[in-house]
Structures are given as C-alpha cells and as structure tokens.
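Here is a short report for a reader who is new to this structure. Look over the sequence and the fold, then read on.

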Amino acid sequence: MARTDPPAAPPATDLDALLAVLDALPARIQAELAGLGTEAAVRDAQARALKGPIAEGQAAIRQAPGPTRRTIGAALNKAKTAVEAAAAARLQALAREALDAELRRQIDVSLPGRAPRPGHLHIITQVRRDIVDIFRELGFEIAEGPQVETDFNNFEALNIPKDHPARDMQDTFYVTDDVVLRTHTSPVQIRTMLRQQPPVKVICPGQVYRRDDDPTHSRMFSQVEGLLVDRDVSMADLKGTLLHFVRRFFGPGVKLRFRPSFFPFTEPSAEVDMSCIFCGGKGCRLCKQSGWLEIGGSGMVDPEVFKAVGYDPEAVTGYAFGLGIERMAMLRHGVNDIRLYYEGDVRFLRQF
Ligand SMILES: [Zn+2]
C-alpha cells in the first residue's frame with residue numbers, strides 16, 4: 001500500500017497491536033497498583049492508564065469501519081471496566097490494611113495515663129462567687145442590670161446632677177450625652193427600687209467602667225454593691241453586716257472601722273477599712289504603716305435617692321455599700337497589679 005493512500009481502516013497490524021495493548025492493560029495495571037500504598041498514588045495510576053491506550057483506542061474507533069469499530073469498542077470497554085475495578089479493589093485493600101494496622105496496634109496498659117488538663121474559673125469569677133455567697137447566706141438576693149446605662153440611672157437618680165463635681169471624680173465613658181458605660185453598679189439599685197416596694201435586700205455584682213489605667217485601677221473592673229431598705233435600718237446594721245462579711249472572707253480576727261467620707265448618694269457616708277491582713281494591724285509596707293486597708297465605701301441611703309425612685313424617706317431607711325472585687329482578690333491573694341487579671345497569661349491564672 002502506497003503511503004500517500006488515505007487509510008480506509010487502521011492497518012491490521014496496528015489494530016492487532018492496539019487490541020493486544022488493551023487486552024494486557026488489566027494485568028499491567030494490577031501489577032502496578034499492587035506496589036502502590038496510598039490512595040493518591042492509586043488514583044494517579046488509574047488516570048494515567050486510561051489516558052494512554054484508551055485515548056488511542058477512542059481515536060482508532062473514529063477512523064475504523066463498522067465491524068472493526070465494534071471490536072475495538074468492546075475491547076475498550078472491557079479494558080476500562082477492568083482498570084476501574086482494579087483501582088477500586090486496590091483502594092478497598094488499602095482501607096482494610098489501614099484498619100487492620102489500627103486494630104493490631106499494641107496498647108501498653110502499664111503506661112501511666114495522660115491526665116486531662118481541665119480549666120478552671122477565672123480568679124475574679126471565683127472571688128465574685130465567694131463574696132456573693134456570703135451575702136446570700138444573709139438573705140440578700142442577686143440583682144443585675146445592663147452595663148450600658150442611662151444618665152438618669154447612673155447619676156441623676158443617685159443625687160449626682162449634671163453639674164455635680166462628683167461626675168469629675170468618676171471619669172466616665174459617655175456613649176451619648178444621656179447614655180454612659182456604668183461607672184458603678186449603683187444603677188442596679190435604682191432599677192431594683194423603681195421596680196419594687198420596700199423592703200429591698202439585694203447584692204449587685206457586675207462590671208463597671210472608668211477611664212483609669214494604672215497598677216491599681218483598670219478601665220473595666222468589677223464591683224459588688226449591697227442595698228438594704230426597710231424600716232429602722234441603722235448604721236449599726238451596716239457595720240455588723242460588713243464585719244460579718246470581712247471575717248467570713250478574710251478570716252475571723254479581722255477588725256473593721258468606718259472613716260467619715262462623702263458620697264452624693266449616702267448620708268452619712270463612710271469609707272470602710274479593715275485591719276491589715278498582712279501585718280495584723282501593726283503597720284507594714286502594704287498598709288503604708290497605718291495598720292488599715294481600705295476595702296470600699298458605704299453609708300445610709302440619701303433621702304434624695306429615695307425621692308428619685310418614689311419611696312417615702314419618712315417611712316423607710318436603708319444602707320448601701322460597694323466593694324471592688326479585684327481589690328478583694330488582690331488583698332486575699334497578694335496580687336500587686338490589677339492588670340494581671342485581664343492579660344490572660346495562664347502562668348498567672350493557673351496559680352488560683
Ligand atoms: Zn500592714
């Protein structure tokens with residue numbers, strides 16, 4: 001046959017060669033797959049096997065006359081099915097081997113176990129709960145409120161009008177002119193009194209915000225405030241309650257003293273000091289040689305506050321106090337920088 005003649009069909013020898021290749025394909029791929037150990041390698045070999053001879057066969061089909069086409073087509077299908085079946089079988093075998101290996105894995109039951117490392121509550125949460133628990137034993141109920149407050153609840157109702165100098169004392173984060181990040185938990189007391197009639201006996205724990213930032217002040221910190229309103233409540237009730245608290249929290253020997261002070265929302269007002277737990281009151285560096293540590297503020301609720309919430313100041317009296325939770329935790333655990341509580345360093349937090 002002259003080379004220039006267009007081939008009517010693939011030469012018989014070429015066709016025979018192609019059929020031989022297709023015929024041998026299943027055995028060849030099986031041998032190759034047997035040596036492969038990963039799913040990716042198996043899929044790769046499968047793709048290569050189909051690409052070469054099978055693409056060649058498909059090209060031959062397009063040129064071949066009818067009967068030859070059927071022969072090639074049948075051989076192609078057989079080869080393709082065989083390659084796919086071989087690959088699937090190999091993948092299945094690999095999966096079985098992996099499972100067998102997992103099941104054969106020796107477990108040394110004499111090895112010591114790996115202890116789980118459970119987390120624990122943050123020290124501030126622990127201290128807050130301890131404080132709240134002591135007051136709950138005394139019959140106080142927990143009251144909570146939002147951290148973003150109205151000017152009325154945070155200042156106005158607490159006898160701190162707009163031009164009051166006390167507003168300078170509390171460097172405030174203002175959201176708008178009439179909305180603030182609460183500077184104390186006292187607005188929760190206002191909310192409680194607006195909601196219910198006396199008697200009131202609540203403890204208000206929560207986060208508060210001021211524009212302070214130094215080793216003993218943080219922009220965000222936690223307070224617990226207490227409020228008791230009833231008939232004939234006296235300063236002696238306040239002092240007795242706080243004395244019970246510090247002795248339950250710090251230890252039985254602790255003493256308490258009130259120092260006259262001023263807060264717009266209490267009259268009279270008192271700073272609360274307890275005897276220094278580090279030196280027993282003799283005087284040391286931590287109490288600045290005074291023998292006393294300041295722990296909070298307190299006083300008898302100002303009649304103006306009762307008027308703001310619609311209580312009759314002639315009929316009821318009450319006391320209120322506020323304690324800093326971080327301050328309590330710093331004193332109880334000897335921590336000297338408030339910022340350590342919020343840095344999230346587990347080496348610090350793990351100690352408590
Ligand atoms: Zn001291």
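## Strands first

Glutamate 141 has valine 202 of S5 as its bridge partner. The model is a predicted one. Two bridges join S1 to S5, and these strands run parallel.

Both strands belong to an open sheet of seven strands. The order is S1-S5-S6-S10-S9-S8-S7, and the pairing is mixed. Strand S1 (141-142) and strand S7 (256-263) stand at the edges, each with a single partner strand, so one side of each has no neighbour in the sheet.

Strand S5 (residues 200-209) also pairs with strand S6 (residues 220-230). That pairing is antiparallel and spans 10 bridges. Valine 200 has valine 229 in S6 as its bridge partner. Proline 205 stands opposite valine 224 in S6. How much of S5 is buried? Eight of its 10 residues are, so S5 is largely enclosed by the rest of the structure.

## A second sheet

Another open sheet has three strands, in the order S2-S4-S3. The pairing here is antiparallel. Strand S2 (148-150) and strand S3 (174-176) stand at the edges. Each has a single partner strand, so one side of each is left without a neighbour in the sheet. From one strand to the next, the twist averages 30°.

S3 and strand S4 (residues 179-181) are joined by two bridges and run antiparallel. Tyrosine 174 stands opposite valine 180 in S4.

Helix H8 (residues 235-250) lies across S7, strand S8 (266-275), strand S9 (292-301) and strand S10 (317-324). H8 runs at about 125° to S7. Helix H10 (residues 325-333) lies across S6, S9 and S10. H10 runs at about 55° to S10.

Helix H7 (residues 186-195) has eight of its 10 residues buried, so H7 is largely enclosed by the rest of the structure. Which residues of H7 are buried? They are Ser186, Pro187, Val188, Gln189, Ile190, Arg191, Thr192 and Met193. These buried residues pack against S2, helix H5 (151-154), S5, S6 and S10.

## Two helix pairs

Two packed helices are described by the angle between their axes and the distance between the axes. The table gives both values for two pairs.

| Helix pair | Axes come within | Crossing angle |
|---|---|---|
| H2 (residues 39-63) and H3 | 10 Å | roughly 180° |
| H4 (residues 123-137) and H10 | 9 Å | roughly 100° |

Take H4 and H10 first. Their axes cross at roughly 100°. That makes H4 roughly perpendicular to H10. From H4, the residues Ile123, Ile124, Val127, Arg128 and Ile131 take part. They meet Ile325, Glu326, Met328, Ala329, Arg332 and His333 in H10. By class, the contact of H4 with H10 has seven nonpolar, one polar and three charged residues.

Now take H2 and H3. Their axes cross at roughly 180°. The two helices are therefore roughly antiparallel to each other. On the H2 side, the contact includes Glu39, Val42, Gln46, Ala49, Leu50 and Pro53. On the H3 side, Arg69, Ile72, Gly73, Ala75 and Leu76 are among the residues involved. The residues of the contact of H2 with H3 divide into 15 nonpolar, four polar and four charged.

Helix H3 (residues 66-104) has 39 residues. How far does H3 reach from its first C-alpha to its last? The span is 57 Å, close to the 57 Å expected at 1.5 Å a residue. The buried residues of H3 are Ile72, Ala75, Leu76, Ala79, Val83, Ala86, Ala87 and Arg90. An α-helix has 3.6 residues a turn, so residues three or four places apart point the same way.

## A loop residue

Where is glycine 344 placed? This glycine is in the loop between H10 and helix H11 (346-349). Is glycine 344 buried or exposed? Glycine 344 has 9 C-beta neighbours inside 10 Å, so it counts as exposed. The cut-off for exposed is 12 or fewer. Glycine 344 and histidine 164 are 180 residues apart in sequence. In space they are 38 Å apart, C-alpha to C-alpha.

How values were computed
Residues are numbered from 1 along each chain as its sequence is written. This is a predicted model: local features need pLDDT of at least 70, side-chain atom pairs count only at pLDDT 80 or more; totals for chains, interfaces and linings use all residues. Helices (H or I, at least four residues) and strands (E, at least two) are DSSP runs, numbered from the N terminus. The expected span of a helix is 1.5 Å times one less than its number of residues. A residue is buried if 20 or more other C-beta atoms lie within 10 Å of its own, exposed if 12 or fewer, and partly exposed in between; C-beta atoms are placed from the backbone. Two strands pair if DSSP finds at least two bridges between them. Two residues are in contact if their C-beta atoms, placed from the backbone, lie within 7 Å. Axes are lines fitted to C-alpha atoms, for helices over the stretch in contact, and angles run from 0 to 180 degrees between N-to-C directions. Angles under 35 degrees count as roughly parallel, over 145 as roughly antiparallel, 65 to 115 as roughly perpendicular and the rest as oblique. Ala, Val, Leu, Ile, Met, Phe, Trp, Tyr, Cys and Pro count as nonpolar, Asp, Glu, Lys and Arg as charged, and the others, Gly among them, as polar.
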